[in-house]
Amino acid sequence: MEKAIQTTAEAAPERRGCGPEGRTLLAALRHDRELLEQTGHYHGISDLRLKAENYLHYESLHARLRSAVVNARETSKKISASPGVREVGESVVALYTPEGDSVVLSTGIMVHVHTLSRFIQWMIERDYESDPGIAHGDVFANNDPFVSDVHPPDLMNVTPIFHGRELIGWVGAVAHELEIGGVYGGANQTTTAERFGQGMIVSAEKVAANDVIRRDFFVRAEMNLRTPVYFVLDEKAMVSACIDVREKVLEAVEQYGLDYYKRAIREIIEEGRRAHLQRMKMLTVPGRYRSVAHAGHLFEGKVGASPLSRNCIVQVPLEMTIDRGGFMTIDYEGAGRKMWNPYNCPPAAMDGGFFVTLTQFIDFDGKVNDGCWFATRMICPPGSWCNPGDDMTATSSAWGSLMPGFGSLQRMISRSFLARGFREEVFLGQVNTPIIEGGGINQYGQRFGGQNLECSSEGSGARGIMDGIDCGYVGWNPESDMGNVEIWEMILPILYLGRRIWRDSPGAGKYRAGATYSTLLMIHKTPLYNIVSTIHSDKVFDNQGMCGGYPGPTAKFEYVSRDTDLAERIARREPLPHVEGDPRRPDISTRVGGDFRVVDGVFLERPLRSGDLFQFFYNTGGGYGDPIERDPEAVRRDLDNGIQSIEIAESVYRVAARFDAAAKRHAVDEQATRKLRAECREERGRRAVPTRQWMARQRERLLRHDLGREVKEMYNDVFGFSERWSREYREFWSLPDDFVFTV
Amino acid sequence: MARKPLVLGIDAGGTMTDTFVVDENGDFTVGKAATTPHDESVGFLESAADAMSYWDGDGRSLYPELEVALYSGTTMVNTLITRRGRKVGLITTKGFEDDVLMGRGMQSWTGYSYSDRIHAVTHVHPSALVDRRHVHGVTERVDVFGEAVIPLYEHEVEAAAEELLADGVEAIVVHFLYSYLNPEHEQRARAILAAAIARSRRGGDVPVYLGSDLRPVIRENSRLNAALIEAYAVAPVRTQLEKVERAVQSRGYRYPLQTVLAYGGLCNIRYPRLHETLISGPVGGVMGAKHLSALTGIDNIIVTDLGGTSFDIGTITAGYVPVEPEPVLARFKLNLPTIAMENIGAGAGSYVKVDPVTKKVQIGPESAGSTPGPVSFGKGGTTVTITDCDLVLGYLNPDYFLGGKQKLDKELALRALKEQVTEQIGVDVYAGAEAIVRMMEREARDAIRAVASARGLDTTQYTLFGYGGAGPLHLAGYTEGLDFGGVLTFHFAAAFSAFGCTTADYQHRYARSVHLGLPPGCDAPAKLAVAEAVSRVWSEMEEAARAEMANEIAVAREIRFTQLAMVRYGGQLSDLEAVSPAPRLRTAADVDRLIAAWEDLYSKINSRVARYEGAGYQIFELGLLASVEKVKPRIVRQPLGPAEPARAAHKGTRNMYWKGRWQPASLWEMEMLRPGNRIAGPAIVEHPATTLVVPDGKCVEVDEWNFFWLR
């Protein structure tokens, strides 16, 4: 995949434009990329002249620009109606060069810093400068994934910054909408198999002039959304943030001088590029790293599923190469074909996933901007799920593939940190993020749609020196949060019976993953609530542990109970379900009478209504190090806090513990623990076989075609698609050159 | 001359404890001593004695005469940070027992620097204030309409009470979802607990706190934090406050000790919601500024407080102090209205460090505190601080720091600065020291800008007040390039927060959740209904305020009320607090006027595209400020004298390094300057507790209030 520039317009027009030096923006963009190509430096800047001449002056401009975007985001949050933006911080604001490269960015959903960049460049390449024209006070909006977006709920706005007649930059802002129309209420539209069921799509439109948002734009929103107030106020909030930053930038230009500003913003990016390379050299070991993750999806036979979507496993292979200069290339060769489901990723989504990983792992300090982008390269095979090249593809649940994909990258970068001795930087961060969404009639008697975005704060994978973050991390936004129940119940017809740590959820390890939680909802004051879930990974691991740590939970499911006798039980003051309890006999099946079911994978069932129960489980990642090396005291503490069960303490951590009823604490039997652990080591020794022997056995299994249907289909799909990957696979397993699986 | 001190204000900061004493003529003196976290009364008495020493007196002559002694300290924050509070039990809605561990995800990063907020591997939850095994869930649920969907299972409360009491908890919090809308379950639980506590023969020694009592507003996590902090950290604070009170009363002070609320205002140390005093210190400065605002007629003010550990900023617009409804304190998110202060971790004691890879200079957020202090204190501090740079650059007098009580070692500072910083980045030591100081000042300046911009202020309409021990020294630096109506500092700058505390009135703040709506195009009867509802709540709150204040304040004075409404557009999740133009809403037009006042404020903060009249308006919270006046320091206006200062005020010259060159600065004694005096830079004006630097091209003028304008 080409990430820099996709030449779709004619040769750059030679008329006078609004870009730098009187060039058109297209000519300026091409010129800029040529400079990068020729000199290896961003904008051809080989010396950081302004920084060298007066470090403080230069730094002060950077600080001023950054505080402008950070503060604009904070202020705009308070305009929003959406708990997505207001409660859990689903927005970002950033400043760009005239060519659309980011200079400074706020915190928040940083995944979108580069999608905005691509959006600006998309308009430049299509000569928006001539038609529809670009003027001071214009705002361009987009949520079209194939213009540049992850998926339609991410609504982006950009406004140009003009100094006189010259366009000197852009400001962009993105907010994640809780409802964007579509087949059912919500945002991620897991039932859709093509672009068309994803909801209201705005494709790079001019929606405001003279700082006034067009009324017809809001009319469209009001006619096409179930709960338009989120969209309207988020749009106002984002545009307000853009205008705010634009004015701050113009004040800074006034003070620092135009020429200074124009040079400085490019030095800031070049400095970001250099710092990235320098950090890579310091923190990582050059070489080739490989990983694979998978995501599984179950659609078949579900009442709400698209007839086009099949059960499938998505293969997410990844190769990362770091050269001696610190330049990183990542390659998704071996990814399967684009799919008839919403788990495809448009190019912007891949950009976003890459950017948010780099900023969290390498480029969090100093000049955080597109500089790192120019010191990296990403290859996504055309026609694959990660570069479909087909605007009709559905991408509304792109995160379901992005997170395993970039979780792999986090893991590989972590390996590289470890190889260099920076164990404290090791972080097996992100995993898939199941989301509850849907629509129907709310508790106020109105039609509604929306997501419950409490998922933005799951467990993280483990760290190299400590456990992962409990209930406090999500890959797409390092400022993770789940918000207050009192706010979610305000916008959705639900009554929480519990939101508690999901026992035994963390991937085990010497340092375990962060604990995650489950939510048990009573559907409340509604005759109709069509709950749908999305962004699962079913039946396969979407993450892994490291250095002997186990992966996080794999089987994603929901519990549902309809036509319950809850009211009678309440009247009799009987205990109600709040947590999962024993997974073999969950509380929701024993403490309440009703039509109980376990649903594997996405929830695409009949709608629910008042009194029904729905239980949902969030995700968490893998552990670090061998679980039998975990400090027994840490296991004991987890037992006390309900994070672990005695059963798992014994079977996985090999810690002999019991509950001391008198002390009301768990106690560890140290001697018994030592014995259990010694036995475990012996048992492992007995089970171990030479690798060649194990491989020979596995090869026989392959030759017998003894794999699950979905697994074989996944491989066959790639065999017919990626020659390089197929060759390596067949060579590795010594299979015939034309080997395919019989399904 | 015998003086009669009337008011004593003490502010115990992270590094120093500042004292401000006012006598019957409105004259005042300031004192300073190191903060003593183990027993704050020690620092209190030392600081007060220091102040009195300038009046040739001592602590003993002070206390019997005093009418008001008030104290704001750091005990509560310290108790929280060091987790040395009480053993607390929690009874909460069943299914939410893990909230104390899960927190809100945001608490794992909030308060972090920009870099660390992104660098997720650094994120860690604050440890819980309550042991998970002391959390008991009881079955009950109230919904978003305030309706009890699941009744309280009273037998579960009884069982939880028995168990908690058997476990020996020292306080119990009851916290249920939506209790702010319907507190019946919490109240019933309290009754059950009271019976259990009585039965347990522990008498009344296990206090019970209800979320709905302490903070009856939406967002359960913030409400829980407030209740837990009250239960966990307030007892040690009361102990400290009582210790201080005993210390002053044993020396002859005749009244109860007062302390300062986060939203301004004083309360008796027996106030029932003492967690509201959590960040009282910086708030003192804003109150002081507000007082001076009323006195001088300067009603748009940006206050800046540069102390040892932090730089705090607040604002006053048209005499009004804005309040932050959801601050984060000690890493806990609260919905405690707090005078909106922003701060950055940069002060005179901030450590200066150089990143070994990027060579980036980092200032703070860690600081040296009073022990070991900067390198130049020679008390074992090894890391360079801003104070060390100030000394090297000639701004500070090594023999007159704290009036000479703390000698400063210039050689020590110089050596450390070279080794740790300037040789690392390859610059001259003086140029490097100045660059660092300017960098810190720039960070402070950016923070001021950020506040001005976030609150929509036009700085040319504002006067900047600069204070704190290190404020006057860096004032010229951190205001450079900012366009203010004026820049002002004070000879009592070092104790300005303590001064501020002495100017405060008794003030309590009340809030109540409501559900009122003004749909688009709603008619007069609908507005009238809203008017009646609003007025009714305000009346009820005023009644409650009268009752509560009568219990606290011995002298009955008139209570002044300010009515507040938190308004939002229909559907918004944040509101903005507007002061009602009228004490009661009686007509539809009154409602329109209230909305207009709110929309005016909203439009100042946000750009005009953010307006959304089409969505109608909602009011989810009403508020009330109730205040009673008390004795205050008198600041006397004096006739302006000659521009030329008295000869005795001139102390000589000293070289200072400014903008890359050494220049001789004239040296002055601040206490000896008089109204009308004018000193041109380069000059250094010294005070035992602070130093004012006047660079070349600037001058300082003393006005009729004896305040110092930097022009």
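Reader: How many residues does the contact take from chain A and from chain B?
Author: In this predicted model, local features need pLDDT of at least 70 and side-chain atom pairs count only at pLDDT 80 or more, while totals for chains, interfaces and linings use all residues. Residues are numbered from 1 along each chain as its sequence is written, and chains are lettered from A and ligands numbered from 1 in the order in which they are written. Two residues are in contact if their C-beta atoms, placed from the backbone, lie within 7 Å. The contact takes 60 residues from chain B and 79 residues from chain A.

Reader: Which helix gives the most to the side of chain A that touches chain B?
Author: Helices are DSSP runs (H or I, at least four residues), numbered from the N terminus. With 10 residues, the one that gives the most to this side of chain A is helix H9 (residues 228-256) of chain A.

Reader: At what angle do helix H1 and helix H9 of chain B pack?
Author: Axes are lines fitted to C-alpha atoms, for helices over the stretch in contact, and angles run from 0 to 180 degrees between N-to-C directions. The axes of H1 (residues 40-53) and H9 (residues 220-250) of chain B are 9 Å apart, and the helices pack at an angle of about 40 degrees.

Reader: Which residues in H9(B) does H1(B) meet?
Author: From H1(B), the residues involved are Glu40(B), Ser41(B), Phe44(B) and Leu45(B). In H9(B) they meet Gln240(B), Lys243(B), Val244(B) and Ala247(B).

Reader: What is the mean pLDDT of chain B?
Author: pLDDT is the predictor's confidence in each residue, from 0 to 100. In chain B, 96% of residues reach 70 or more, and the mean is 88.

Notes: Helix = DSSP H or I, 4+ residues; strand = E, 2+ residues; numbered from the N terminus.
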